[in-house]
Amino acid sequence: MYPEDLVMPMKHELTDKGFQDLTTPEEVDNAIKREGTTLVMVNSVCGCAAGAARPGVIFSLTGDKKPDHLVTVFAGYDKEAVAEARKFMAPFPPSSPSVALFKDGELVHMLERHHIEGNPAGVIAANLQAAYDEFC
């Protein structure tokens, strides 16, 4: 588990932009199963989360189409919430950071760490905006 003083600024980077921070399995279950589109960001302390994933996800929300709900869980900190979110992301293996788009509780788009690592934030944003155009 990462220390709170390390994790909180990284959580706030998303919550300050409208993401709901999910910390329990029940919150995750309720968020993903609700009607509409839900973007789930599995946040982490790694460099690709800081350099590409978080900025890319935030930038993706500047287009015309956006998910109805924005939520986040933090790998290495909110262990049970992350485990619950990953159940919904099957058959994809655990990956952090990662980003999943759900529509009416069904996984419709997934970005795993290997899609994020080595790509600039603009590429992440463009990928997500294409998914929003299709599903939102």
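User: Why is Phe88 called buried?

Analyst: Good place to start. In this predicted model, Phe88 has a relative accessibility of 19%. Buried means under 20%, so Phe88 counts as buried.

User: And what makes Phe102 buried?

Analyst: Phe102 has a relative accessibility of 1%. The cut-off is again under 20%, so Phe102 counts as buried.

User: How many aromatic pairs are there, and why is the pair of Phe88 and Phe102 called what it is?

Analyst: The count is one aromatic pair. The ring centres of Phe88 and Phe102 are 6.4 Å apart, and a pair needs centres within 6.5 Å. Their planes stand at 90°, and angles over 60 degrees count as edge-to-face, so this pair is edge-to-face.

User: Which parts does that pair tie together?

Analyst: Phe88 sits in helix 4 (residues 79-88) and Phe102 in strand 4 (residues 98-103), so the pair links parts that are 14 residues apart in sequence. Phe88 is also touched by Asp29, a residue of helix 2 (residues 25-33). Asp29 touches Glu84 as well, leaving aside residues up to four places away in sequence.

User: What makes strand 4 and strand 5 count as paired?

Analyst: Pairing takes at least two bridges. Strand 4 and strand 5 (residues 106-111) have five, in the antiparallel sense. Val99 is found opposite Leu111 of strand 5. The hairpin formed by the two strands has two residues between them, and there Asp104 takes a positive phi near 50°.

User: How do you know which strands are at the edge of the sheet?

Analyst: Five strands form an open sheet with mixed pairing, in the order 1-3-2-4-5. Strand 1 and strand 5 are the edge strands, as each pairs on one side only. Helix 6 packs on this sheet and touches strand 2, strand 4 and strand 5; the helix direction makes about 160° with that of strand 5.

User: What are the partners of strand 3?

Analyst: Strand 1 (residues 20-21) pairs with strand 3 in the parallel sense over two bridges. Gln20 has Val71 as its bridge partner there, and Asp21 is opposite Thr72. Strand 2 (residues 37-43) also runs parallel to strand 3, joined by six bridges; in this pairing Val40 faces Val71.

User: Why is strand 3 described as largely enclosed?

Analyst: Five of its six residues are buried, so strand 3 is largely enclosed by the rest of the structure. Take Thr72, which lies in strand 3 (residues 69-74). Its relative accessible area is 2%, and the limit for buried is under 20%, so Thr72 is buried. Not counting residues up to four places away in sequence, Thr72 touches Leu14, Phe19, Gln20, Asp21, Leu22, Met41 and Asn43.

User: Which residues of helix 3 and helix 6 meet?

Analyst: In helix 3 they include Gly51, Ala52, Pro55 and Phe59. In helix 6, Ala121, Ile124, Leu128 and Tyr132 are among them.

Conventions. Residues are numbered from 1 along each chain as its sequence is written. This is a predicted model: local features need pLDDT of at least 70, side-chain atom pairs count only at pLDDT 80 or more; totals for chains, interfaces and linings use all residues. Side-chain values use heavy atoms; hydrogens and water are left out. Rings of Phe, Tyr and Trp (its six-membered ring) pair if their centres lie within 6.5 Å; planes under 30 degrees apart count as stacked, over 60 as edge-to-face and the rest as tilted. Helices (H or I, at least four residues) and strands (E, at least two) are DSSP runs, numbered from the N terminus. Buried means under 20% relative accessible area, exposed over 50%, partly exposed in between (1.4 Å probe, protein chains only). Contact means heavy atoms within 4.5 Å. Axes are lines fitted to C-alpha atoms, for helices over the stretch in contact, and angles run from 0 to 180 degrees between N-to-C directions.
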